[in-house]
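Work through the exercises below with the sequence and the structure in view. Try each task before reading its solution.

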Amino acid sequence: LASPLMGWLSHQNRMGPRTVIWLGTALQAAGFLCIGPSPLLTVLLGYGLEDMPVSLPLVCLALFLFGLGEAMSMTPLMEDMMLSCVDRKADVINSLSALMTSCFSLGQMVGPLMGSFL
């Protein structure tokens with residue numbers, strides 16, 4: 001749902017695609033910290049995890065942050081790769097698209113396989 005907004009945001013001269021990608025990565029990290037909740041939150045927030053039990057609103061917040069961060073980091077990625085190849089844009093567009101799709105699909109396959117072994 002947020003991808004069209006993030007695409008528009010990355011086209012703004014003020015932000016640019018790399019800023020949106022970095023902000024999205026930070027939101028994903030915040031979502032991962034909240035989903036456990038992570039023991040790192042005791043350091044960041046200053047109180048123990050026993051004061052913050054896992055609750056439905058916390059999990060919903062974590063998933064919202066992760067989803068918004070995913071839209072922010074994946075939507076402008078192809079644009080950023082194309083801006084990096086200004087001189088050879090016409091030559092590399094198919095290669096970049098194939099590389100991005102292959103790496104994303106490989107991660108979707110290897111991640112669950114590694115997780116099942118752990």
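## Exercise 1: A serine and its surroundings

S73 is buried, with a relative accessibility of 9%. Keep in mind that this is a predicted model.

**Task.** Find the helix that holds S73, and list the contacts of S73 beyond its neighbours within four places in sequence.

**Solution.** 
- Step 1. S73 belongs to helix 4, which covers residues 56-74.
- Step 2. Check the burial class. The cut-off for buried is under 20% relative accessible area. S73 has 9%, so S73 counts as buried.
- Step 3. Set aside the neighbours within four places in sequence. S73 then touches I21, G24, T25 and Q28.
- Step 4. Compare with a residue that is 26 places away in sequence, L99. The C-alpha atoms of S73 and L99 are 16 Å apart.

## Exercise 2: The view from the other side

**Task.** Start from Q28. State where Q28 lies, whether Q28 is buried or exposed, and what Q28 contacts.

**Solution.** 
- Step 1. Q28 is part of helix 2.
- Step 2. The relative accessibility of Q28 is 13%, so Q28 is classed as buried.
- Step 3. Leave out the neighbours within four places in sequence. The contacts of Q28 are L65, F66, G69, E70 and S73.
- Step 4. Link this to the previous exercise. S73 is among the contacts of Q28, and Q28 is among the contacts of S73.

## Exercise 3: Salt bridges

**Task.** How many salt bridges does a search of the whole structure find, and which residues take part?

**Solution.** 
- Step 1. Count. The search of the whole structure gives 1 salt bridge.
- Step 2. Name the pair. D80 bridges to R18, and their closest N and O atoms are 2.9 Å apart.
- Step 3. Locate both ends. D80 sits in helix 5 (residues 77-84), and R18 sits in helix 2 (residues 16-35). The two are 62 residues apart, so the pair links distant parts of the chain.
- Step 4. D80 is buried at 13% relative accessibility, whereas R18 is partly exposed at 48%.
- Step 5. Look at the side chains again. D80 and R18 are also joined by a side-chain polar contact of 2.9 Å.
- Step 6. Widen the view. Apart from neighbours within four places in sequence, D80 contacts P17, R18 and I21.

## Exercise 4: The buried side of a helix

**Task.** Which residues of helix 5 are buried, and which helices do they pack against?

**Solution.** 
- Step 1. List the buried residues of helix 5. They are D80, M81 and M82.
- Step 2. Find their partners. These buried residues pack against helix 2 and helix 6, the latter spanning 89-117.
- Step 3. D80 of helix 5 is paired with R18 of helix 2.

## Exercise 5: Two cysteines

**Solution.** 
- Step 1. Recall the bond. A disulfide is a covalent bond between the sulfur atoms of two cysteines.
- Step 2. Recall the cut-off. The two sulfur atoms must be within 2.5 Å.
- Step 3. Conclude. The count is 0 disulfides.
- Step 4. C85 is partly exposed at 26% relative accessibility. C103 is partly exposed at 47%.

## Exercise 6: A nonpolar patch

**Task.** Which residues make the nonpolar surface patch of about 620 Å²?

**Solution.** 
- Step 1. Name the members. They are L106, M109, V110, L113, M114 and F117.
- Step 2. Take V110 as one of them. V110 lies in helix 6.
- Step 3. A patch residue needs over 30% relative accessible area. V110 has 33% and is partly exposed.

## Exercise 7: Sequence and space

**Task.** How far apart in space are P4 and A71, and how far apart are Q12 and M81?

**Solution.** 
- Step 1. P4 is in helix 1 (residues 3-10) and is exposed at 64%.
- Step 2. Read the first pair. P4 and A71 are 67 residues apart in sequence, with C-alpha atoms 8.9 Å apart.
- Step 3. Q12 lies in the loop between helix 1 and helix 2 and is partly exposed at 27%.
- Step 4. Read the second pair. Q12 and M81 are 69 residues apart in sequence and 17 Å apart in space, C-alpha to C-alpha.

Conventions:
Residues are numbered from 1 along each chain as its sequence is written. This is a predicted model: local features need pLDDT of at least 70, side-chain atom pairs count only at pLDDT 80 or more; totals for chains, interfaces and linings use all residues. Side-chain values use heavy atoms; hydrogens and water are left out. A salt bridge is a side-chain nitrogen of Lys or Arg within 4 Å of a carboxyl oxygen of Asp or Glu. Buried means under 20% relative accessible area, exposed over 50%, partly exposed in between (1.4 Å probe, protein chains only). Contact means heavy atoms within 4.5 Å. Patches are made of residues with over 30% relative accessible area and no salt bridge: like charges are joined within 9 Å, nonpolar side chains (Val, Leu, Ile, Met, Phe, Trp, Tyr) within 5 Å. Accessible areas come from the Shrake-Rupley method with a 1.4 Å probe; for residues, only the protein chains shown count as cover. A polar contact is a pair of N or O atoms within 3.5 Å; within protein, one must be able to donate a hydrogen and the other to accept it, and residues adjacent in sequence count only if both atoms are side-chain atoms.
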